Each structure stands twice: as structure tokens, then as C-alpha cells.
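The chain is shown first.

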Amino acid sequence: MPPLADPSAPMTALACWVVKPGLAEIREEALPPLPEGAVRVRTLYSGVSRGTEGLVFRGEVPASEAQRMRAPFQAGEFPGPVKYGYVAVGVVEAGPPELLGREVFCLHPHQTVFQVPLSAVVPLPPGVPAARAVLAANLETAVNALWDAHPEPGDRMAVVGGGTLGLLVAWLAARLPEGSVQVVDTNPARAAVAAALGAGFALPAQAQGGADLVVHTSAQAEGLATALRLAAFEATVLELSWYGSRAVSVPLGEAFHSQRLTLKSSQVGHVATRQRGRWSHRQRLELALSLLSEPVLDRLITDSAPFPELPQVLARLAGPGAPDTLCQRIDYHEAPPTPPLASSLSEGDSASGPAKPVPRHSSKNPQA
């Protein structure tokens, strides 16, 4: 455990900012003395939510959704400069005595140390390692999706899109008795991970139709078309992908009407309707964290990189060059004090913002 900090002393933190579409950099910012009722958290790990953060990095958040897309503790505005992210795991180094030294999860942007109200952190349950807890936000989304879809025992289910979210949905659904779950993806390397999670696998052309429920997570129009094709008579296709400002072609002129299909959206910002009267957002997150005691879920964390390399990681994940990456973890405990300045999809000058850049520094990237 790191030495406990003086809560009355100001501190300097390092945070990752998207300064404009296609360009991110590490910036230095000051933390004031810790307010009453708050905790100071030293980050151990954060996770990149590849789909949403890719949209933010590329500047594809629609203006109409800018307010609804705000993350907790986000700073700045879309398209930039903006400090974004919502998967942080750290250790409490200042705050109430009962939390000192505890590992916690928080919906906070990528930052080396941060201060939030006490209510914003959730202690990790026993048996859940901090390095695995970066899956919590995706697993919470998967839980909410199944609440929206409410599959039944014996259902034949297809999950189109074998990314982190789709595989977590498949893992949860595979626990239902007497049913079957098929993960459908264009990458055959997903087959081994799906099998480890208790699900079958198929390429789109070989996928079995007649599914009672289809969940779509690929964020591609072709994937949505496949999801509709696999649905049985009067089945539901649950759409978990978010496309940002991209227009998507949906083939509603084929068997959509004759099959009496239902295309339904699901989004984690609200607790699913049928659970909303009994579950709060915090309770749902606590449930997701409790489910992370299963070591098999480590198969989903395929890549790691030190915090100073996060700008380069965002650029790589936002482009076409990382097809085998599932969950990207960012490691903080080995980060040097002065990280690289910036990384972008294309060269460009950084925009001004409320925090200042720090000097360049090179480091090695330990791969998971």
C-alpha cells in the first residue's frame, strides 16, 4: 500500500485529454486540498472503453447527444479539449479511515490521482483483483442488456460481435439452463475465448439461424444485418452498438416484417425498465463487480500499456490497426513521472485547454 497522503496538501495529477479529434496528450493539473466528504484515489489501472472512447477520439459524438454522452467527472466539451473515460480502479490514500488503503472502482477519466465524493467510489469485493476490475463497466452494460432482453431458460441466443461487451453478454447468457449461446464474429480467433466462456462460435456465413434472441454489439451495419437474419419468428434483436454520428443502413425490406421482428435498443445510462423500481445504478455496479471473481474473465484483457503511452494507445484503438484487442488495460503503478506529450491519428498542433502539457518521455510498453 502506498504511503497515506496529507489530505490538506494540494497535489499535481496527470490526466489524458483528447485535445481535438485525432489528437490526445497527457496534461498536468492541480488538485486542491481534499474537500470534506471526498476521497483521494491513487489510480492503479484504468480501462479503455474501445467503442465509445474511439468515437470520442475521432470526434464522432453528435452535437445532439453531447450532454447525454457526458461521462461522470468529465472535464471539457466535445469534440475537445475533453478529459473522458469511465473505468478507473485505484487505492484510497486520503479520506474516511474505513476506506484508507481500500481498492475501489470509480467512473472517472484516465488520471493518475483524483478526488471525488465518497459516494462515487465502490470498494472491490473480496476475491476481485484490481487488474480484473477494469471489466466492471462493460459487465455492468452486459447485465443491463440481459435485463432489457430477459432471456428465458432454453432460449437459443446469438450474440453478433465478439468484442469485450459481446463476449460478456454471451458469458452471462451461457449460465442460463438448457439454452444455447452462439457468438458470431468475423475474427476466427474469437472462437477460443467464446469456448472458454461457455459459448459456441460461428463466422457470419456459417451462423445458425432461428435464434429466439439476438444481441448485436459489433457497431457495424453488416453485423446488424446478420443479427436480423439470424432472428427467429417474432424474436427480438437487442441493439447495444452505438454509432455516434455515423448513419447506418438497416435491411428492413427483407424478412423483417413477415418475421414480425422487434428491434430494441439498450443503453446503460438508465437501469433497464423492469428492474428500475428495485435496482439503483450503484447496486447494478456492485452486482457487476461481484461477478468479476471468475478468473476466466482474464481472457478478455488482451492488452496492457503504461499510462504514459495512453495517447498512442487511443490512436491505435481508434483506427483499423488493432483487430485482436479486446479489453485494453492501462497500468499506472510503473508509470514514470513525466509521460509523452501526445499522439494522434494524423499530425497536428494541440489545442489550448484548462491543463498544461508535460514534457516528452519515452518508456517501454509491457504487453499482457
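A polar contact is a pair of N or O atoms within 3.5 Å, and within protein one atom must be able to donate a hydrogen and the other to accept it. The model discussed here is predicted.

**Ser 46 and its contacts**

A polar contact of 2.9 Å joins the side chain of Ser 46 to that of Tyr 332. Ser 46 belongs to strand β3, which spans residues 38-48. Its relative accessible area is 1%, so Ser 46 counts as buried, the cut-off being under 20%. Leaving aside residues up to four places away in sequence, Ser 46 touches Val 87, Ala 88, His 110 and Val 134 as well as Gln 328, Arg 329, Ile 330 and Tyr 332.

**Aromatic pairs**

A pair of aromatic rings is described by the distance of the centres and the angle of the planes. The structure holds four aromatic pairs. Two of them are set out below.

| Pair | Centre to centre | Angle between planes | Class |
|---|---|---|---|
| Trp 147 and Trp 279 | 4.9 Å | 55° | tilted |
| Phe 307 and Tyr 332 | 4.7 Å | 25° | stacked |

Trp 147 sits in helix α2 (residues 136-149), while Trp 279 is in the loop between β15 (262-265) and α6 (281-291), so this pair ties together parts that are 132 residues apart in sequence. Which of the two is buried and which is partly exposed? Trp 147 has a relative accessibility of 10% and counts as buried, whereas Trp 279, at 28%, is partly exposed.

The rings of Phe 307 and Tyr 332 count as stacked because their planes are at 25°, and the cut-off for stacking is under 30 degrees. This pair also links distant parts of the chain, 25 residues apart. Phe 307 is in the loop between β16 (301-306) and α7 (310-318). Tyr 332 is in the loop between β17 (327-331) and β18 (342-344). Both Phe 307 and Tyr 332 are buried.

Phe 78, Tyr 84 and Tyr 86 form one aromatic cluster.

**The cavity**

How many cavities of 30 Å³ or more does the count give? The count comes to one. The largest cavity has a volume of about 60 Å³. Its lining consists of Cys 16, Val 18, Glu 53, Val 56, Phe 57, Tyr 84, His 110 and Leu 314. By class, six of the lining residues are nonpolar, one is polar and one is charged.

Strand β1 (11-20) and helix α1 (50-58) each supply at least two of the lining residues. The most comes from α1, with three residues.

Some lining residues also occur in the groups described above. Tyr 84 lines the largest cavity and is part of the aromatic cluster with Phe 78 and Tyr 86. His 110 lines the cavity too, and is among the residues that Ser 46 touches.

Leu 314, another lining residue of the largest cavity, is one of the buried residues of α7. Helix α7 is mostly covered, with seven of its nine residues buried. Besides Leu 314, these are Leu 310, Pro 311, Val 313, Ala 315, Leu 317 and Ala 318.

Helix α2 also contains Asn 138. The relative accessibility of Asn 138 is 18%, so this residue counts as buried. Not counting residues up to four places away in sequence, Asn 138 touches Thr 164, Leu 165 and Leu 168.

Technical notes: Residues numbered from 1 in each chain as written. Predicted model: local features only at pLDDT ≥ 70, side-chain atom pairs only at ≥ 80, totals over all residues. Heavy atoms only, no water. 1 Å grid on protein atoms, 1.4 Å probe; cavity = no way out; pocket = protein on both sides within 12 Å on 5 of 7 lines; lining within 4 Å. Points joined across faces, edges and corners; volume = space filled by probe spheres on them. Helix = DSSP H or I, 4+ residues; strand = E, 2+ residues; numbered from the N terminus. Nonpolar A, V, L, I, M, F, W, Y, C, P; charged D, E, K, R; others polar. Buried < 20%, exposed > 50% of the residue type's maximum accessible area, 1.4 Å probe, protein only. Contact = heavy atoms within 4.5 Å. Phe/Tyr/Trp six-rings, centres within 6.5 Å; stacked < 30°, edge-to-face > 60°.
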